[in-house]
Amino acid sequence: APTDIDNCGVYDNTATVSSTNAPDDSDDGQVTCQKSFLLVDKTPDSQTINAGDDVVFTIQVDNSGPGTAKSVTLVDNLPGGVAGAWVEDPDNPDCEITGNKLTCDFGDMASGDSKTVTVKAPTDYDNCAVYDNTAQVTSDSGDGDVDEGQVTCQKPDLTVDKTPDSQTISAGDDVVFSIQVDNAGPGTAKSVTLSDTLPAGTAGPWVEDPDNPDCEITAGNQLDCDFGDMASGASETVTVKAPTDIDNCGVYDNTATVSSTNAPDDSDEGQVTCEKTDVAITKTADPIVVSYGDTVTYTLKAKNNGPGKAQNVTVTDPLPAGVSFVSADAPCVNLSGTVTCELGTLDPGQEVTLEVRVKVDALTPSDPNLEHLLDVQKVEAQIDVQAGETKTVSVTCPSGYFASDGSVRICLLY
């Protein structure tokens, strides 16, 4: 009589033989029907993977007996949405994959037998999802089992932000860019690199400040960084700078690009405008005609005509020969006949007025190099004298003048 998984037990039976001329005889027989007990276990190698990783499931079929499972078959409709074909790794000769359908024919499996097959498929950024899957094992013995497995593929979110320390600088300032690479996750970004061709037209080479050991600047102003894998929430920063001067001061446009093997590229631009300064100075004296002992006030006007900020502005005024320093407006100081005024920074359009006061020294005729400005005055006196008369007349120089010449002219009137 047939048995199945639901009708399988211990069958006891007694047979008796009889005859009209012999005593009866009996004999007992027993048959024990043993059930098979199939189990299937579908296990992901990792329940969470990153874009670019393989989706991997290992499927194990066991017969925990005690009976033999007849004509055991495993079927698994593998999930779609992967970046390539499902394959067995390693190959199991009892299995094949056709159109994402895994089918295995394990034949009879005795008590304690176990069969295993491992399947995998690639992912990428565009093919990265949640992979649900169910494997089912059946047999002609009537028993079977199902098991589910799930793998979640996580994408990275890789960005780069290039920020100038200041969008507008003045000649003499450094051009400074800070470049930050972030992975907002949730997946890990693999083999992350940063590339940035730094702009030309600076007054010196580009350098990292501070140095990032994952980065280097090579010939052609090429910045390259290799950050390796960046987990969710990871951040990397590199700061680069280059000097400017009055001859190397322009507009510096720049684009940084971050790349990864499992995420799309991202780029960001930054721009710094360098503005030149135009510093001018005027000097006037009051009064312009002086005498010994007079005080002369020099008015110095320093102005930045822009558009950039003038930094570390210094006014230097060597005093001319023939004068002695009296005083000057702050922050000016006199040292050995040279007045120096350190003004610091002048904003565009800013003008600073300073006064320097000196006293006119006495002339030194022994010095052949002196140049003098002389004001000549003529003083005359006229007298009338009759025959036999005697008269006296005095001629006096105006205050501040001295007599350089004197003469008498006599005219006889008849």
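This is a short tour of the structure in your viewer, stop by stop. Keep in mind that the model is predicted.

**Stop 1: The whole chain**

Along the principal axes, the C-alpha trace spans about 225 × 30 × 30 Å. The radius of gyration is 53 Å, whereas a compact globule of 414 residues would have one near 22 Å.

The protein chain exposes about 24400 Å², and 46% of that comes from carbon and sulfur atoms. How much of the chain is buried? Buried residues make up 30% of the 414 residues. If you look at contacts between residues at least 6 apart in sequence, 69% of them join residues at least 24 apart.

**Stop 2: An open sheet with S3 at one edge**

Select strands S3, S5, S10 and S7. These four form an open sheet in the order S3-S5-S10-S7, with antiparallel pairing. Which strands stand at the edges? They are S3 (38–44) and S7 (87–88); each has a single partner strand, so one side of each is left without a neighbour in the sheet.

Strands of a sheet pair through backbone hydrogen bonds, either parallel or antiparallel.

Zoom in on S3 and S5 (residues 54–63). Seven bridges join this antiparallel pair. To find one of the bridges, select Leu38 and look across to Asn63, its bridge partner in S5.

**Stop 3: Strand S9 and its partners**

Move on to strand S9, residues 101–109. One partner is strand S6 (residues 69–77), which runs antiparallel to S9 and is joined to it by seven bridges. Select Asn77, and you will find its bridge partner Lys101 in S9.

Another partner is strand S8 (residues 95–98), which pairs with S9 in the antiparallel sense over four bridges. Glu96 stands opposite Thr103 in S9.

**Stop 4: Phe106**

Stay in S9 and select Phe106. Is this side chain's residue buried or exposed? Phe106 counts as buried, because its relative accessibility is 7% and the limit for buried is under 20%.

Now show what surrounds this residue. Leaving out residues up to four places away in sequence, Phe106 touches Val61, Val72, Leu74, Asn92, Asp94, Cys95 and Lys115. Pick Val61 and draw a distance between the two C-alpha atoms: Phe106 and Val61 are 9.4 Å apart in space and 45 residues apart in sequence.

**Stop 5: Another open sheet**

Look at S23 and S24, an antiparallel pair joined by eight bridges. Select Asp286 and you will see Thr297 of S24 standing opposite.

**Stop 6: Salt bridges**

How many salt bridges does the structure hold? There are eleven. Among them is the one between Lys283 and Asp317, whose closest N and O atoms are 2.8 Å apart. This pair links distant parts of the chain, with Lys283 in S23 (residues 279–286) and Asp317 in strand S25 (residues 310–318), 34 residues apart. Lys283 is partly exposed at 39% relative accessibility, while Asp317 is buried at 5%.

Next, select Asp347 and Lys309, whose side chains meet in a salt bridge (4.0 Å, N to O). Asp347 lies in the loop between S28 (338–346) and S29 (351–360), and Lys309 in the loop between S24 (295–304) and S25, so the pair ties together parts that are 38 residues apart in sequence. Asp347 is partly exposed, at 35% relative accessible area, and Lys309 is partly exposed, at 42%.

Then select Glu355 and Arg357, which form a salt bridge at 3.0 Å, N to O. Glu355 is partly exposed, with a relative accessible area of 32%.

Methods: Residues are numbered from 1 along each chain as its sequence is written. This is a predicted model: local features need pLDDT of at least 70, side-chain atom pairs count only at pLDDT 80 or more; totals for chains, interfaces and linings use all residues. Side-chain values use heavy atoms; hydrogens and water are left out. Helices (H or I, at least four residues) and strands (E, at least two) are DSSP runs, numbered from the N terminus. Buried means under 20% relative accessible area, exposed over 50%, partly exposed in between (1.4 Å probe, protein chains only). Two strands pair if DSSP finds at least two bridges between them. The radius of gyration is taken over C-alpha atoms; the globule rule is 2.2 Å times the number of residues to the power 0.38. Contact means heavy atoms within 4.5 Å. Accessible areas come from the Shrake-Rupley method with a 1.4 Å probe; for residues, only the protein chains shown count as cover.
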